[in-house]
Amino acid sequence: MTANRIERLVPASPRDIQPDNPCAACAVRDLSVCGALRADDVSRLNAIVTHKTLQPGEMLFLESDPADSLFVITDGSIKLYKMLPDGRRQITGFLFRSDFLGLAFRDRYAYSAEALSLTTVCRFPKDRLEALLDEFPEMERRLLSIASNELASAQDQMLLLGRKTAEEKLASFLWLLSRRATLKELDGQTIDLPMTRMDMADYLGLTIETVSRSFSALKRKEIIAFTTPQRMQIIDLPEMAALAGIEEESWEASTALR
């Protein structure tokens with residue numbers, strides 16, 4: 001893990017980019033927490049933001065690092081995980097384009113964040129962003145909503161790990177990916193899987209062999225099909241939802257893999 005550790009994110013880094021007006025040109029602003037700001041207020045964010053590019057496997061931050069920054073993913077994907085005392089890893093979430101991360105109830109991050117693919121993030125110094133929240137209560141409310149979703153997702157993962165079969169766990173995971181894509185106005189039936197089978201196993205509390213067998217079962221039932229090793233087509237979304245135990249009336253609910 002130490003080999004992947006990056007230096008503290010500071011504007012002076014040669015890989016930090018500070019264009020003249022990045023926030024106004026941001027393609028994901030309306031989908032992210034920044035969308036709570038009016039267009040004429042975006043310049044206030046622009047004054048404090050820096051940008052960072054991460055290579056696959058590179059750390060954004062480590063568990064127990066000082067929680068001095070907050071981030072929005074503008075492209076790519078990130079996995080969140082905690083290390084258990086015996087050295088095992090528990091993945092707690094996967095984040096994608098427009099997702100926000102870095103909230104901490106204490107002064108240190110409660111989890112590690114690692115890039116799954118080539119990823120770019122906006123970085124906001126925590127103290128300077130908090131100063132803006134006093135002026136923009138809509139943005140503060142959106143951050144509180146994100147925190148509430150994190151708690152709800154933690155409860156959902158407890159159910160996922162404890163009360164479902166392996167096939168039901170995988171179906172639930174894929175259904176959540178589909179719903180997240182739909183909520184972001186993307187094709188909810190074509191799903192990119194930047195995470196490895198081992199990552200999925202660590203998230204679902206399964207072995208990698210069980211994840212592979214469960215994928216094979218879903219393919220045999222013609223619920224899914226793979227177009228590439230990391231791109232999947234959901235052929236029968238209602239059947240996947242039924243296998244995952246998702247009630248139809250909850251399909252429009254917010255679903256966060258974190």
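## Basis of the description

Contact here means heavy atoms within 4.5 Å. This is a predicted model, in which local features need pLDDT of at least 70 and side-chain atom pairs count only at pLDDT 80 or more, while totals for chains, interfaces and linings use all residues. Residues are numbered from 1 along each chain as its sequence is written, and side-chain values use heavy atoms, with hydrogens and water left out.

## Overall composition

The chain has eight helices and eleven strands, where helices (H or I, at least four residues) and strands (E, at least two) are DSSP runs numbered from the N terminus. Of its 258 residues, 48% count as buried, a term that means under 20% relative accessible area, with exposed meaning over 50% and partly exposed the range in between (1.4 Å probe, protein chains only). Among contacts in the chain with a separation of 6 or more, 76% come from residues 24 or more positions apart.

Four strands make an open sheet in the order 1-8-3-6, with antiparallel pairing; two strands pair if DSSP finds at least two bridges between them. Its edge strands, each pairing on one side only, are strand 1 (50–54) and strand 6 (100–101). Strand 3 (residues 69–75) and strand 8 (residues 119–125) run antiparallel and are joined by six bridges, and Asp75 stands opposite Thr120 in strand 8. Helix 3 packs on this sheet, where it touches strand 3 and strand 8, and its direction makes about 70° with that of strand 8; axes are lines fitted to C-alpha atoms, for helices over the stretch in contact, and angles run from 0 to 180 degrees between N-to-C directions.

Lys126 belongs to helix 3 (residues 126–133). Leaving aside neighbours within four places in sequence, Lys126 is in contact with Ala67, Asp68, Ser69, Ala104 and Arg106. Lys126 is buried yet has no salt bridge, the nearest side chain of opposite charge being Glu130, 4.2 Å away. A salt bridge is a side-chain nitrogen of Lys or Arg within 4 Å of a carboxyl oxygen of Asp or Glu; Lys and Arg count as positive and Asp and Glu as negative, whereas His and the chain ends are not counted.

## Strands 9, 10 and 11

Strand 10 (residues 224–228) and strand 11 run antiparallel, joined by four bridges, and they form a hairpin with two residues between them. Strand 11 also pairs with strand 9 (residues 190–192), in the antiparallel sense and over three bridges. Arg231 in strand 11 is the bridge partner of Thr228 and stands opposite Asp192.

In a regular strand the side chains alternate between the two faces of the sheet.

## Helix 5 against helix 7

The axes of helix 5 (residues 166–183) and helix 7 (residues 208–220) come within 9 Å and cross at roughly 75°. The two helices are therefore roughly perpendicular to each other, a class that covers 65 to 115 degrees, with under 35 counted as roughly parallel, over 145 as roughly antiparallel and the rest as oblique. Helix 5 makes this contact through Ala166, Glu167, Leu170 and Leu174, and helix 7 through Thr210, Val211, Ser214, Phe215, Ala217 and Leu218.

## Positive phi values

Most residues other than glycine have a negative phi. Ser98, although not a glycine, has a positive phi of about 85°; Ser98 lies in the loop between strand 5 (89–96) and strand 6 and is buried, with a relative accessible area of 6%. Glu222, in the loop between helix 7 and strand 10, has a positive phi of about 55° and counts as exposed at 56% relative accessibility.
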